[in-house]
Every structure is written in structure tokens, then in C-alpha cells.
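Keep the sequence and the 3D view open as you read.

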Amino acid sequence: MPTVFTHEFNTPVYKGQVSFDTGLFIDGQFVDGSDGTTIDIVNPANGKVITSVSEGTQKDVDLAVDAAEKAFETSWGLNCPGNKRGLLLNKLASLMEEHTDELAALEALDTGKAFNAARSKDIPGAIACIRYFAGWADKISGRVIETLQTTEERFTYTRHEPIGVVGQIIPWNSPLLMFTWKIAPALATGNTVVLKPSEITPLTAIRVCHLAKEAGLPPGVLNVVTGYGNTVGSAISSHMRIYKIAFTGSSLVGRKVMEAAAKSNLKNATLELGGKSPNIIFNDADLEQAVHWAMLGIFSNQGQSCIAGSRIFVQEGIYDEFLKRFTEKSRSIKVGDPFTPDTFQGPQVSEMQYDRIMGYIDSGKKEGAKIHIGGERHGSEGYFIQPTIFLDTNPDMRIVKEEIFGPANDTVYGLAAAVFTKDVNRAITTAHKLKAGTVWVNCYGIGDPNTPFGGFKQSGIGREMGEYALNNGHLRMVFDSYTEVKSVNVNLGLKM
């Protein structure tokens, strides 16, 4: 039997108990992995084991695909009308809303992000995503096409049909948001899902599977297989009966996913990969606002964000004053227990991530960058790092070029960027010149379910969120990302 995770929260921001199975979710049931092994889940605030979850294998992926195929052919796909899919997704969103505080507590416990941040941003964002795509479920339609023959002789139209079983792999930094970003458009368009959450932060994905079952989602429609990338992730990417793969993570792993997709069955692939986002602040910017947004842009979620504004370019005329204010703002950040009311920055997600960041800090020092503030461990337990600012950097340094997860277009990435100026012409001109999938003007990091998200260059392929998540960016071929377009030609009067 799978492990039952039971935990009593008795904190200043949340008091309550959770108790649920942490098995693999396959065919509507929580089960042990085929090998009977488990993965320990660690609290990054103190380095102690929270619980264990079942570990999946390639065999478990096969079982999940079997269940997903059966559901697609019987209870979902073309056998479940869009309005019913929308109702079920909305019911799931309502259940998530009822459990908002619990989900926020699990996210904070599992990832280390501040409870208040999860409660105010991550959970509402995940619910809004489900509701947004639920609204699309009964609006999937094709077109009637004019042909060379008259309409009395020939009737031609297109249909947008679900692909079938789709595979999805999500990262550890914002697990519940990424979970909903993946499953919502796929399920709304009639596909069934086999998803791998990060083995580091799987708790909210597993908990939402309980809510999905309660909402009435048919068995096999949603399957979640927790495991490692080189086993479960590889099995999903190369599976011959999965015809669509959606992955969020590093560019290095994204290449492997794309290679496996190509070598197996030429899967349709959507990849949301790394970033090294520039934040450009001109002399005429509202300095107070620029400092505030710049701080949020880099230090939110412990800096563990693909869109983190980790390269700040400040025009010479305001550089000294900006640095002074930004330093004060950064020093005021409360680093500590995610369940303390005024905590802004919690621990890094894992010991491995902590060591990786500290390695980049050492690299910056060795390559000649100057640490202005931070650069050290915070506290004596857990994986906390002080907010860190480097000065005197150059474009050849690793801390400038590589995503630490740390001229503006001089990067292999193109996920996001920001511009701060009161001159609207300069703002628009600069935004158009930046090679990035998202550009913010006089703000940073804000988004909505109806706004497309994805990258240029090595930051990915395709788009998530908004109508573009359904159509993969093709303006006239709606729903193309999670549907197959079929042309139907009906002979009404042509004679041979």
C-alpha cells in the first residue's frame, strides 16, 4: 500500500492537518510503484525528511499509458462533449479553491516558498488557469473551406480532434502552477495525460489528483507518475504511444526530451526552457517603482524562476542612486521560515540547488566580479542563502551567461525581459528590439491565464497559456497544440 502522508500544521499563518496517499495515480487509483521503492521528500527549511512517495518506473509509465488510452477511447476524447469536460474542470477548480490554504501549506512545506506567497499568487493562479481552459472546452471548432468546386459539388471542412495520450514533465520551482499549466489545456481539448512531477516537489500534484478524483474525472484521464528524470521522464519522452510531449525545465534536459521525441515517434513537442532575463532601467524611469519591481523580479521565489530578472542594466545617469536604493531594498528582505508572516524569501528547494548556487557565487568571485551584498549562507540549518548582488561583471562571466536559477540580447536565452522608462516611444521601441517571448514595461513578472508564455532562441518551442497554448502560436489554426487538424472532403455532386 502507498505511504499515507499525515502532517499537522501548527504555524502562525496556517493551522490544520493533511492526510493523503502518496502513491502513483494511475487509472483513478493510488498505487505503489512496480518495484515497491520510494523517494524521500525533504523539507528545505531544515533538511529533514517530510514523507516518502512511491517511485515510478518505465513499467509504471506503460501502465499509465494503458489507462490513458482506455480512457481516451471510452470516457474522454471524442466520447465526452466539451461542455462536460468544462464542467468537470470547473468542479476541480472549485475543490482547489476550497482547499486553498491546505494547498498553499503543502507548497510552502515542499518547496520552501513563503506560505503567504503561495497563498496569494500560486494557488489562485493555478485555479484561474483551470477555470480559463475549462471555458475553452466547448469552443473547439473547425472551419468550412472554400474549394475549387462549387459548394453544391463539394463540401470541405476541418475538425480539431484531440491528439490522444499526451506526456508532460514539470519542474520543482512552482509545482502546482506548472501542473495546472500543463493539464488544463490538454484535458480541455479532450486529451488524456501521463504527467511526471518533480521528484523533489510532488506533494501538491498528488494532492490535486485526490481532488480530481473527487471532482469526477473518469479513471485514466489524468495519471501522475512520480519518479526520476532518467527513468520516468525518459520513458515518457520516448514512449511510442504518447504523441505529444510538453516539458518545462532546463535547456540541457529540453534537448534530451526533444531528441527522444524525434527518435521515437516524432512527437509534437512544446518546450519551456531556461532564461537569463535582462531588466533595462533608463534614466527617466520612476526610480522607486523600478527598484521595487527589480527586487521582485530577481528575489521572488528565492530567485528560482525561469523569468528571474538576473541581469539588471541601469543607465549611467541614475546608476549610483539606483544601486543605493536597490541595496537598501535587498537588505530589507526577510529571509526565514516560510510559515512566518513577514517572510519574503525562504530556503532554496534542495541541497543540490543550494550547492549549485554557492558554486556560481564562488565562480563569480574567481572571475573577478565583486560581491556587493550577500553571497553567504543564511542561518545554520536548511538551504538558505543571503540575497546577493554582484557588481563589476562582464558578459563572459558564467554568472552573467548562465541561468543560475541567476548587451541585453547577448545570451542564448530569450524567455523574458523588462524595460523601465516614462517615454512610451522608447519603451515600445526597446520592447520590439528585445529577443524575448515576454517583455514587461514598468513592471516585472505579472501574467494572466489568457496571456501566452514561452521563449525565443534556446528558451523553448511553442507557447503555454492563453489561446496560444491551444494553437501553439498559429493564429488561424486554433487549438493546434493539443489537437490534430483533420481535413474532411465530402463529394456532393462530382461525377467521374
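Q: Which residues of H4 do Thr100, Asp101, Leu103, Ala104, Ala105, Glu107 and Ala108 in H3 meet?
A: Helices are DSSP runs of H or I with at least four residues, strands are runs of E with at least two, and both are numbered from the N terminus. Contact means heavy atoms within 4.5 Å. The H4 partners are Phe115, Ala118, Arg119, Asp122, Ile123 and Ile127.

Q: What kind of model is this, and how are its residues numbered?
A: This is a predicted model, where local features need pLDDT of at least 70, side-chain atom pairs count only at pLDDT 80 or more, and totals for chains, interfaces and linings use all residues. Side-chain values use heavy atoms, without hydrogens and water, and residues are numbered from 1 along each chain as its sequence is written.

Q: How many nonpolar residues does the contact of H3 with H4 have?
A: Ala, Val, Leu, Ile, Met, Phe, Trp, Tyr, Cys and Pro count as nonpolar, Asp, Glu, Lys and Arg as charged, and the others, Gly among them, as polar. The contact of H3 with H4 has 4 charged residues and 1 polar. Its nonpolar residues number 8.

Q: Are H2 and H6 roughly parallel or oblique to each other?
A: Axes are lines fitted to C-alpha atoms, for helices over the stretch in contact, with angles from 0 to 180 degrees between N-to-C directions. The axes of H2 (residues 82-98) and H6 come within 9 Å and cross at roughly 130 degrees. Angles under 35 degrees count as roughly parallel, over 145 as roughly antiparallel, 65 to 115 as roughly perpendicular and the rest as oblique. H2 and H6 are therefore oblique.

Q: Which residues of H6 make the contact with H2?
A: On the H2 side are Leu88, Lys91, Leu92, Leu95 and Met96. From H6 come Val208, Leu211, Ala212, Glu214 and Ala215.

Q: Is Arg207 buried or exposed?
A: Arg207 lies in H6 (residues 203-215). Buried means under 20% relative accessible area, exposed over 50%, and partly exposed in between (1.4 Å probe, protein chains only). At 12%, Arg207 counts as buried.

Q: How far apart in space are Arg207 and Leu106?
A: Leaving out residues up to four places away in sequence, Arg207 touches Phe20, His99, Glu102, Leu103 and Leu106. Arg207 and Leu106 are 101 residues apart in sequence. From C-alpha to C-alpha, they are 8.9 Å apart.

Q: How many residues of H5 are buried?
A: H5 (residues 175-188) has 14 residues. H5 is largely enclosed by the rest of the structure, because the buried residues are 14 of the 14.

Definitions and conventions:
The expected span of a helix is 1.5 Å times one less than its number of residues.
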